[in-house]
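Let's take a walk through this model, with an eye on its charged side chains and a few of its loops. Have the structure open and follow along.

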Amino acid sequence: MSRTVSASAPGKVILFGEHAVVYGRPAIAVPVPARQATVTVRAGDDGLTIHATNLDCVLTVSPDNAEDPLAVAVINTLRHLDAGFEHDLSVQVKSTIPIGSGFGSSAAVSAALIQAIGRYFDAELTPADVSRLVYETEVLYHGTPSGIDNTVVAYAEPTYFVRQQIMDRFDVGRPMHLVIADTGRMTPTRETVGDVRAGWQRDPETYAVVFDAIGEIVDAARAAIAEGDLVEVGRLMDENHLCLRQLDVSSDELDYLVCAARAAGAMGAKMSGGGRGGNIVAIALPWAVKDVVEAVRAAGAVAVIETVV
Ligand code: MEV
């Protein structure tokens, strides 16, 4: 085979429910098409190599060096396809998704990689196949991922998610204009997920109260989104941010960006993803978006993305 194939997967942002989703409560997340991971596969001449320019990584894949999550993604996909491991393939990974910022960069890179390898071997993998294969690599990054990141990037659709139970598209009654602002601080999801786990093990009752409160916010948010009640969506984002502060996964930088967005007219704002760094997400009416973008930039955001769901 001498052809070239490629595949892409979007970044994602969690609108409601991060952390509590690891403990069986629901969460809502949406793809961010403005940020993409793209993988190209072509015939090579020296075994199976992955060049990930943005990640500053070149590696040779074989079943014996399956420690790197990207290598594991390739090996598991070849196994799923029953395609054997002896291939001369050059795999190029490019991504515009910031790493360690709550955008699901690792899941998106794995999803694009798995889909591209599938295409090279003439198999159009279903989103369910891609999601499952991505989950196997997310375990290596995160330890105990809920599965929301792999689900959203594999299906590339707004998703209401409950671990191992529900994966639903949700209705959007009125377009939601979102501003996503990056603190520039990278904090591994593994770290904050591990800290929440340690806290929950020390005091399960108190943590369960906060997780339940988040679960109720998520279900109320799903209804408000379907009704197009954007004021209520914003209010629920504010409430969700308070719960995340109670779990101690926010930070001064995140709180500062959240306050700046609200003061500039956002209807609500919260941190998004693992926390202690990464992004906030704010909801604003279309004519307020520009003011919110300017305010979060002035408050120190290193990158700002606008998206409409
Ligand atoms: C990470 O994007 C979201 C968390 O809820 C972890 C997870 O769901 O696996 C913090």
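A salt bridge here means a side-chain nitrogen of Lys or Arg within 4 Å of a carboxyl oxygen of Asp or Glu. Keep in mind that this is a predicted model. With that rule, the count comes to 15 salt bridges.

Lysine 290 and glutamate 294 meet through their side chains in a salt bridge, at 3.4 Å from N to O. Both sit in helix 9 (residues 289-298), four residues apart, or about one turn of the helix. Lysine 290 counts as exposed because its relative accessibility is 58%, over the 50% cut-off. Glutamate 294, at 44%, is partly exposed. Salt bridges can also share partners: Glu232, Arg235 and Glu239 are joined that way into one network.

Now for a pair that reaches across the sequence. Lysine 270 forms a salt bridge with glutamate 18, and their closest N and O atoms are 2.9 Å apart. Lysine 270 belongs to strand 9 (residues 268-272), while glutamate 18 is in the loop between strand 1 (4-16) and strand 2 (27-43), so this contact ties together parts that are 252 residues apart in sequence. Are these two residues buried or exposed? Both lysine 270 and glutamate 18 are buried.

Another link joins two helices. Arginine 262 and aspartate 238 make a salt bridge at 2.8 Å, N to O. Arginine 262 is in helix 8 (residues 252-263) and aspartate 238 in helix 7 (residues 230-246), 24 residues apart. Arginine 262 is partly exposed, with a relative accessible area of 29%, and aspartate 238 is partly exposed too, at 22%.

Asp45, Asp46, Glu86 and Asp88 form a negative surface patch. Glutamate 86 is in the loop between helix 1 (69-81) and strand 5 (89-95), and it counts as exposed at 75% relative accessibility. Aspartate 82 is in the loop between helix 1 and strand 5 as well. Its phi is near 60°, a positive value in a residue other than glycine, and aspartate 82 is exposed, with a relative accessible area of 72%.

Finally, look at the hairpin made by strand 6 and strand 7, with three residues between them. Strand 6 (residues 159-162) and strand 7 (residues 166-169) run antiparallel and are joined by four bridges. Tyrosine 160 stands opposite aspartate 168 in strand 7. In the turn, glutamine 164 has a positive phi of about 55°, and glutamine 164 is exposed, at 78% relative accessible area.

Conventions:
Residues are numbered from 1 along each chain as its sequence is written. This is a predicted model: local features need pLDDT of at least 70, side-chain atom pairs count only at pLDDT 80 or more; totals for chains, interfaces and linings use all residues. Side-chain values use heavy atoms; hydrogens and water are left out. Patches are made of residues with over 30% relative accessible area and no salt bridge: like charges are joined within 9 Å, nonpolar side chains (Val, Leu, Ile, Met, Phe, Trp, Tyr) within 5 Å. Accessible areas come from the Shrake-Rupley method with a 1.4 Å probe; for residues, only the protein chains shown count as cover. Lys and Arg count as positive and Asp and Glu as negative; His and the chain ends are not counted. The place of a charge is taken as NZ of Lys, CZ of Arg, CG of Asp or CD of Glu. Buried means under 20% relative accessible area, exposed over 50%, partly exposed in between (1.4 Å probe, protein chains only). Two strands pair if DSSP finds at least two bridges between them.
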